[in-house]
Amino acid sequence: MSAAVTTARNRPREYEVTVTEVRLETHDTATLSLDFGSERPEYKAGQFLNLDPHQFPAISHFGAYLQEQKGRKEPARSYSLASAPHEPLVSITVKDEEFIPGFTRYPPLLSPYLVHGHLTGTKMKVLGFMGPYVLPDDVEERTDHLVHVIAGSGAVPNFSIIKDALHRGLKPRHTVLFSNKTWGDILYREAFEALEREHPGKLRVVHTLTRETDESRYGPHVRKGRISEAILEELIPDRATCLVYVCGPAITPWDRRKALETRTPATPRFMEAVLGHLHDLGIEDKRIKRESYG
């Protein structure tokens, strides 16, 4: 296949889809199943699609208000795919973003509507598919160990990648280190447990919980506190040959602007802390793939 044909084939395009199901995963996170009709779209596990908030009349007034406050047009929002290419429906998982006075500059526009808006049966337009947060084509030659270091809704693209790799029978084994506040915040907990049972020796999931008083009641695979250098060192013995996929919150542009205004450094978030630990352990940057949100 020529380069020109490949580029045209991979260029994002607009689709009209129907929401067939909205499944609440946690109190503030939902998975939307999207029916693309007779056309089966092509995408890679780990990619995302875009949704333009202007297409939804129910939030148009709020969107206009935010645009006036910000002095710019509201952009499309990106949502990682929770589905894998072999699954019959495309799905995205959306977290209702928090608005914290004094810390968050503006309230969220689209995510609360997608999570709580009872959208089953709704038609919408999406732009897909995009993003380089995918497995390399030669992953089996590059490593036999894929490490997924994730936090909160950062689990979404990695869940897609893991399901796809296990379905295709790729050789690398997977270690998942998953950080959340509480046991109830863990996305796909039962699905991960089922995948572990179905693929013994190929998938290991370890959780870290930052706001549980007694994490031991959830079993030996649950640790207390944030992801530390010590636990990364324990779970990644093959630091010269592994590939690490990191997804979670990072310092936002708003954080950086606020830091400049106050002349104080921006507080590192999950992404910055984990990358620091990985580099301190001697894992080369070329072995780390990252996707952040804020």
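Predicted model: local features only at pLDDT ≥ 70, side-chain atom pairs only at ≥ 80, totals over all residues.

Q: Are Y15 and F129 buried or exposed?
A: Y15 stands at 10% relative accessibility and F129 has a relative accessible area of 6%. The limit for buried is under 20%, so both residues count as buried.

Q: Why is the pair of Y15 and F129 called tilted?
A: The ring centres of Y15 and F129 are 5.8 Å apart, with 45° between the planes. Y15 belongs to strand β1 and F129 to strand β6, so the pair ties together parts 114 residues apart in sequence.

Q: What makes Y43 and F129 a tilted pair?
A: The centres of these rings lie 5.1 Å apart and their planes stand at 35°, so the pair is tilted. Y43 is in the loop between β2 and β3, while F129 is in strand β6, so this pair ties together parts 86 residues apart in sequence. Y15, F36, Y43 and F129 form one aromatic cluster.

Q: Which residues have the most contacts inside the largest nonpolar core?
A: This core has 31 residues, and those with the most contacts inside it are L135, V176, F178, Y188, F192, L203 and Y245. The largest share, seven residues, is supplied by α5. A second, separate core of 27 residues includes Y15, F36, L51 and V115.

Q: Why are β10 and β12 said to stand at the edges of the sheet?
A: Six strands form an open sheet in the order β10-β9-β8-β7-β11-β12, with parallel pairing. β10 and β12 each have a single partner strand, so one side of each is left without a neighbour in the sheet.

Q: How do you know that β7 and β8 are paired?
A: Seven bridges join β7 to β8, which run parallel. Pairing needs at least two bridges, so β7 and β8 count as paired. Within this pairing, I150 has F178 in β8 as its bridge partner.

Q: What makes α5 a helix that packs on the sheet?
A: α5 touches β7, β8, β9, β11 and β12, and its direction makes about 155° with that of β7. Another helix, α6, lies across β8 and β9, running at about 150° to β9.

Terms used. Residues numbered from 1 in each chain as written. Heavy atoms only, no water. Phe/Tyr/Trp six-rings, centres within 6.5 Å; stacked < 30°, edge-to-face > 60°. Helix = DSSP H or I, 4+ residues; strand = E, 2+ residues; numbered from the N terminus. Buried < 20%, exposed > 50% of the residue type's maximum accessible area, 1.4 Å probe, protein only. Core = buried A, V, L, I, M, F, W, Y, C linked by side-chain atoms within 4.5 Å. Contact = heavy atoms within 4.5 Å. Axes fitted to C-alpha atoms, helices over the stretch in contact; angles between N-to-C directions.
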